[in-house]
Amino acid sequence: MKDIGWHLLRIRSALFVLASLACVTHSEFFLSVFFTMLKFLSLLLLQIGLGIVQCSWFTATDNSPVVSWGSSTTTSSSPYFWDLISPDIEENGKEKISAKRRFSLLKIKDSELFLPRNVVPISYKLKIRPILESDNPEEVLTAPGSVTIIVRCDAVTDTITLHANTKQFVNILRENLLHVQQTGDNTTTSRVNNVSVLRSSLVLGKEDADFYQIQLSENLQPGEQYSLHLDFVTRISNSTLDGLYLSSYEDPSKNEKKFLAVTQFEAIAARQMFPCFDEPDLKATFEIVVSRAKGYTSMSNMPLHYSEPDSENAGYFLDHFPPTPRMSTYLVALVVSEFTCTTAPAFLLANKTVEACGPAHLVAEGGASHAAQVSARILAFYDKLWGVPYPLPKMTSVAIPDFEAGAMENYGLNTYRISALFYFPDKSTESRRLSVESTIAHELAHQNFGNLVTCKTWNQIFLNEGFATYVSKLGVEEVSPEFEGEAFGWYTDYFQRALRADAFPASHPLVKVEDYFGQFDAISYSKGSSLIKMMENILSRKTLVNGLRQYLDKFSFGNAEYRGLFNTLDLQAKAEDTHPELAPLADIMDSWTVQPGFPLVRVTWVSEQLFHISQERFLQQSSTVKDGQVGSKDGAGWRRMSSNPSSTPLNNTRGDDPLLWHCPIFIATAAHPNRTVLVSEEGHSSETTSPHHRRPTMWLTNKESIKAWVPKSKVDWIIVNPDSKAFFRVLYDERLSDAIENQLEDNSQIFSPITRAQLIDDGFENAWAHYSPIQVALGRTRAILRDETDPRVWATALNHFKQIYAMLSENEDSVRDFKKYLSPRVSQAVDAVGVAQGGEERGQSVLHRASLFVWGGVLELPSVLHHSKNLVKLAASESNLNLIPVDIRGEALCAAVIEGDSSTTNFLWDLYSKSKAKSESSVRNILLNAIGCSRNPAMIQRYLDNSSQIGFLHSKSDRVILLQKLVVNPFSRNATFSYLRQHFRELIDYFDGLEVPGKILRTFSYFWNTEERLNQMKELQKEFLEELKLGESLELTLALIQANVDWMQHHGSDIKNWMQTQARDEEQSAP
């Protein structure tokens, strides 16, 4: 989904309504629906660290459409552009079963989840034989193995407790323990004596934690080392995508299915393959031996040392890999496959091997070359940036056909989804190139932040993910400056998303000290990276980089905690005289890491030389919350800061105190709108002249809710937090807001692009949360977008207009007014970037044009429609779709369908019919999305009627794409609902259950927002409730539609009236 903000907006109002109803009625039903939606929201937020979270069908050469979590805009957009939450389905229509969500099945207290530290691992020697094919069917999808763990006793004990998932995957056959002695060079051990094993089993009461305890006949002695050997057989999973699991793909050269075994261990799945001490701070070295069948190859963290026949298993070969550096168990990785590889030139990274691997036919098409070379260049850049040479002799990146995460940073063997790694220069979009490079940069950043230095406990996962997210933008900027990764990406990709995700009452701290587990979500990834960016703005880039160099050196091959990071940075800041004088950095950052949420900073004009600046927690509020409204702006109110602590919203306090932060306040004035005002020793204001480091103008402490600021001279207005230097939203009082809007109307360009984008984003988000009138946000767009050309500003504005358009899309008058207002603004932006893409044009301008083309179709801009029609006409005359630039192909085809006659649609349908059923899925997706743009009622009905006919569509997944597209299209939405209601039983049978049809129905919740529409969905639920037990499947859809109804009741009339006024003004001013 480009971007998760839309999905959050769709869900959050429903969450507040349900929470309010649950609190008022004490209803278990509303609570159950509330937590169901929270689970759904968590699913959307998972994997966000790979870049912009997106939900799109795989593109380029992927074999089947699955939900992709990547880092760029979707490549098959349409004028209705919602990237839908589609099921993860295979070509046969069956939904894949995703891996067990991290930590979600553990049901015991956090304090009991740590292994005892009386015995700790030093090294592992792991041998395993994945069996993918065999004459003995009982052997298939098993992996016999053994592991020898050298452990050190740190406290007297007669038990050894480690992890093994023996309930589902690992069958431990035997154990034995030897007392051993390390040789002088610490490379080998010698036997001293045996220690008898009395018994072993899962620990009673901790079965869910996979604690496996070995009871010994005698005590182990502190300081001594022991060799623990276990023989086992593990199960290769074909139903989950973690542990050691089975993947497959179609080999078109042989027209057969190929199988591979692959691992995915983060965070607690190493124990699913072999017994181990499966916690991030229990680091050890790993020497791995893989027995693989002839015709296969194996890859692991280290380069292959040598191979030899497996004397114990005919037809198998033993691949020996040298020991790894000290690392955590979750970073162990192996792949057994028939993959081939492409290697980057050795000079790119100090003569180390950097390669990208995957299915042979995709490598042969050139898909791996870009990944290999980009990986080498980024690693070389990181080596120079951090002063820490990459410690392993090779880096292998592998494209896995079935992979739940977007990518995984296993030391020396990174694994990726195919779409996240492979790039085809003649076929892939710039959007995909950015996604690939961002994901690679993220995973390679982990080689330092995560692998070399690892978070000590999972509740500090931001030390891994936040830093990898922050650093990845630097990596992309280095290899592809045309994407403007640092200047553009961090604000729109991470900062805005983090603020949206952290605005919920149920949000969690970046570090929840009392918990064992962290969460792999937008808080850890996006908020973590945004706070690092804030530290950069407080300390300076130079200080931050130098401090992180010290951090990596101090904790190298070990583990760190968040206060260790902050203390290291503080020492560096003191050495460079850039430290904040307010307090030690660790104390400042505590207020941002161990409590949830972020501040809303209110700015109040008292006089031209006195401003009050206050803080409180920003919270999204239910549409029914209208208390505290003061003032009025066309009927909508400004919400006061609550003076009654007892009325503070849910989770807005810490004990009896309201949540407050050590908040750095940067201020720009009318005199110097792009400079930060500083306070001199005399207490007066001055402006910084340094372009590199601007200290905060003032601080609000975590004991201060309000403070006065006195400028040196009189000013008409001030801007707080220019360029989004700190992690909060800003709310100006009515006088200041009017003054800023007047300045924007006069000349918006005096503000930087990020400040302009921030004014728009804060305006809308404050309105959605009922802090200010929606007219404030809309007025800012009127002033800013009139002559706006910067992609950051447009990306921010269009994200919010996407929601507004969805809510207005079923009202013809409102849509007309909306188009009249937005069309001239988008049109001038299109004119500025140009409709035609240059042959060598790359980077941000290409992405920006593609985004504007989407809206060109929505708004029916003549320049976009005409250019699209000509492109399609040329492609049709030559029967060659490649004549349309790939970056705007989907958008141009859809616009051409809108503009053209039936011949255009017939041409596209002919191309779809001739495409291959088991390949070319990206081409089929683009064609189906374009075909679904039709406004011809007869043609729409034909698609619906024939969609269930055998042979009309190539696959079940194609049917999902077409039906969802027809729901998104307002001209086919009603007909599609009628069709779905009439054929619902058939769809349930066709898709083997309710899951897929239910998700298709959920698409309506993006757009339906009236009681009439809500009742239509309720009637469908009632019709099928008793026979098909559909009630639970539709509760979320109904809740989302109800949230839309409430949203329209609060904002709808204000937006419609404002748009109507603007449309009238546009008509009157037209020549």
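This is a predicted model: local features need pLDDT of at least 70, side-chain atom pairs count only at pLDDT 80 or more; totals for chains, interfaces and linings use all residues.
Let's start with a strand pair. S14 and strand S17, residues 334-337, pair in the antiparallel sense, and four bridges hold that pairing.

Let me step back to the whole protein. There are 1071 residues, and buried residues make up 64% of them. The secondary structure comes to 29 helices and 38 strands. What about contacts along the chain? Take the contacts between residues at least 6 apart in sequence: 73% of them join residues at least 24 apart.

On to another sheet. This one is open too, with four strands in the order S36-S26-S25-S38. Here the pairing is mixed. The edge strands are S36, 706-709, and S38, 729-732. Each of those pairs on one side only. The twist in this sheet averages 25° from one strand to the next.

Look inside that sheet. Strand S25, residues 599-607, and strand S26, residues 610-617, run antiparallel. Eight bridges join them. Ser607 stands opposite Leu610 in S26. Which helix lies across S25 and S38? That is helix H14, residues 753-768, and it runs at about 80° to S38.

Next, a helix pair. Two packed helices are described by the angle between their axes and the distance between the axes. Our two are helix H7, residues 462-479, and helix H9, residues 522-539. Their axes come within 7 Å and cross at roughly 70°. Angles of 65 to 115 degrees count as roughly perpendicular, and H7 and H9 are therefore roughly perpendicular to each other. H7 passes H9 in a right-handed crossing.

Who makes that contact? From H7, we have Phe462, Glu465, Gly466, Phe467, Thr469 and Tyr470. From H9, the residues are Ser524, Tyr525, Gly528, Ser529, Ile532, Lys533 and Glu536. By class, the residues of this contact divide into five nonpolar, five polar and three charged.

Thr905 is found in helix H21, residues 902-914. Is Thr905 buried or exposed? Its relative accessible area is 3%. The cut-off for buried is under 20%, so Thr905 counts as buried. Leave out residues up to four places away in sequence, and Thr905 touches Val897, Ile931, Met939 and Tyr943.

The other one is Leu944, in helix H23, residues 937-946. Leu944 is at 0% relative accessibility, so it counts as buried. Which residues is Leu944 in contact with, leaving aside its neighbours within four places in sequence? They are Leu963, Leu966, Ala975, Thr976 and Tyr979. Take Ala975 from that list. Leu944 and Ala975 are 31 residues apart along the chain, and their C-alpha atoms are separated by 8.3 Å.

Conventions
Residues are numbered from 1 along each chain as its sequence is written. Side-chain values use heavy atoms; hydrogens and water are left out. Axes are lines fitted to C-alpha atoms, for helices over the stretch in contact, and angles run from 0 to 180 degrees between N-to-C directions. Angles under 35 degrees count as roughly parallel, over 145 as roughly antiparallel, 65 to 115 as roughly perpendicular and the rest as oblique. A crossing is left-handed if the near helix is turned anticlockwise from the far one by less than a right angle, and right-handed if clockwise. Contact means heavy atoms within 4.5 Å. Ala, Val, Leu, Ile, Met, Phe, Trp, Tyr, Cys and Pro count as nonpolar, Asp, Glu, Lys and Arg as charged, and the others, Gly among them, as polar. Two strands pair if DSSP finds at least two bridges between them. Buried means under 20% relative accessible area, exposed over 50%, partly exposed in between (1.4 Å probe, protein chains only).
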